[in-house]
Amino acid sequence: MAILEIRKFPDEVLKRKALPVEDINGGLQKLIDDMIETMYAAPGIGLAAPQVGVSKRLIVLDVGYKDGSSSLLTIINPELILTDELIDSEEGCLSVPGHVVNVKRSARVAVRGLDRNGKPLEIEAEGLLARALQHEIDHLEGILILDRLGPFRRELLKKRILKERRLEAQR
Ligand code: NI
């Protein structure tokens, strides 16, 4: 296994709509293992393939491991099939490090996809898992938490982050 580089805003791959996974082969299994290792090392509770530079519809999540109730999920070609009323909550992202923003998300969701062996999977979730699923599926559409802000706050924050990146690059 290997820890992969996490791509950060404004990396172009994060803006792209990811393509469906068609072959569940050895290369994909290695990518899944590497994504899981990268997620835990970050540490993060979820990671989408575009965040490691691979524009494919694949996400890994484990919202419970930080508090000892680990439940690792790998979903290939995930689809949101049911949503609920929207609620506001704070969210961060490994591709937008150092910033937490308020994002409206469905309180409960149902998601359909394939597990890492290609077996159909359907899960219902609420709370943090529901939020994390929506966040990771957004990544597959090229949507970041910044894009979920109103236009004024979005442009302000994007400008601020681009400035931070320039300062980092000068160091
Ligand atoms: Ni993210």
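**The pocket, the metal site and the cores**

Tutor: The largest pocket is lined by 17 residues, of which I45, G46, G92, C93 and H135 lie nearest its centre. This is a predicted model, in which local features need pLDDT of at least 70 and side-chain atom pairs count only at pLDDT 80 or more, while totals for chains, interfaces and linings use all residues. Residues are numbered from 1 along each chain as its sequence is written, and side-chain values use heavy atoms, with hydrogens and water left out.

Student: What makes a set of points a pocket, and what makes a residue part of its lining?

Tutor: On a 1 Å grid over the protein atoms alone, a pocket is an open set of points with protein on both sides within 12 Å along at least five of seven lines; a cavity, by contrast, is a set where a 1.4 Å probe fits but cannot get out. Lining residues have an atom within 4 Å of a point. The largest pocket has a volume of about 290 Å³, a volume being the space filled by probe spheres set on the points, which are joined across faces, edges and corners.

Student: Which elements give two or more residues to the lining of the largest pocket?

Tutor: They are β4 (86-91) and α2 (127-140), and α2 gives the most, with six residues. Helices are DSSP runs of H or I with at least four residues, strands are runs of E with at least two, and both are numbered from the N terminus. The lining divides into six nonpolar, six polar and five charged residues. Here Ala, Val, Leu, Ile, Met, Phe, Trp, Tyr, Cys and Pro count as nonpolar, Asp, Glu, Lys and Arg as charged, and the others, Gly among them, as polar.

Student: How do you know that C93, H135 and H139 coordinate the nickel ion?

Tutor: A donor is an N, O or S atom within 2.8 Å of the metal (3.2 Å for Na, K and Ca). SG of C93, NE2 of H135 and NE2 of H139 lie at 2.1 to 2.2 Å, so they qualify as donors under the 2.8 Å limit. Water is not among the atoms, so sites may look incomplete. In sequence the donor residues are spaced C-x41-H-x3-H.

Student: Why are H135 and H139 separated by about one helical turn?

Tutor: The reason is that H135 and H139 are four residues apart in helix α2.

Student: Why is H135 called buried?

Tutor: Buried means under 20% relative accessible area, exposed over 50%, and partly exposed in between (1.4 Å probe, protein chains only). H135 has 7% relative accessibility and therefore counts as buried. H139, at 1%, is buried by the same definition.

Student: What makes a group of residues a nonpolar core?

Tutor: A nonpolar core is a set of buried Ala, Val, Leu, Ile, Met, Phe, Trp, Tyr and Cys residues joined through side-chain atoms within 4.5 Å. The largest such core has 17 residues, and I59, L61, I75, V109, V111, I123 and L133 have the most contacts inside it. At least two residues each come from β2 (58-61), β3 (73-82), β6 (108-114), β7 (120-126) and α2. The contribution of α2 is the most, at five residues. Apart from this core lies another, of 14 residues, among them L47, A49, L58 and V60.

Student: Why is V63 called buried, whereas L94 is called partly exposed?

Tutor: V63 has a relative accessible area of 19% and is therefore buried, since the limit is under 20%. L94 has 22% and is therefore partly exposed. V63 is placed in the loop between β2 and β3, and L94 in the loop between β4 and β5 (101-106).

Student: Which residues does V63 touch?

Tutor: Contact means heavy atoms within 4.5 Å. Not counting residues up to four places away in sequence, V63 touches I45, L128, L129 and A132.

Student: Which peptide bond joins A42 and P43?

Tutor: A cis peptide bond joins them, with omega about -10 degrees. P43 lies in the loop between α1 and β1 (46-48).
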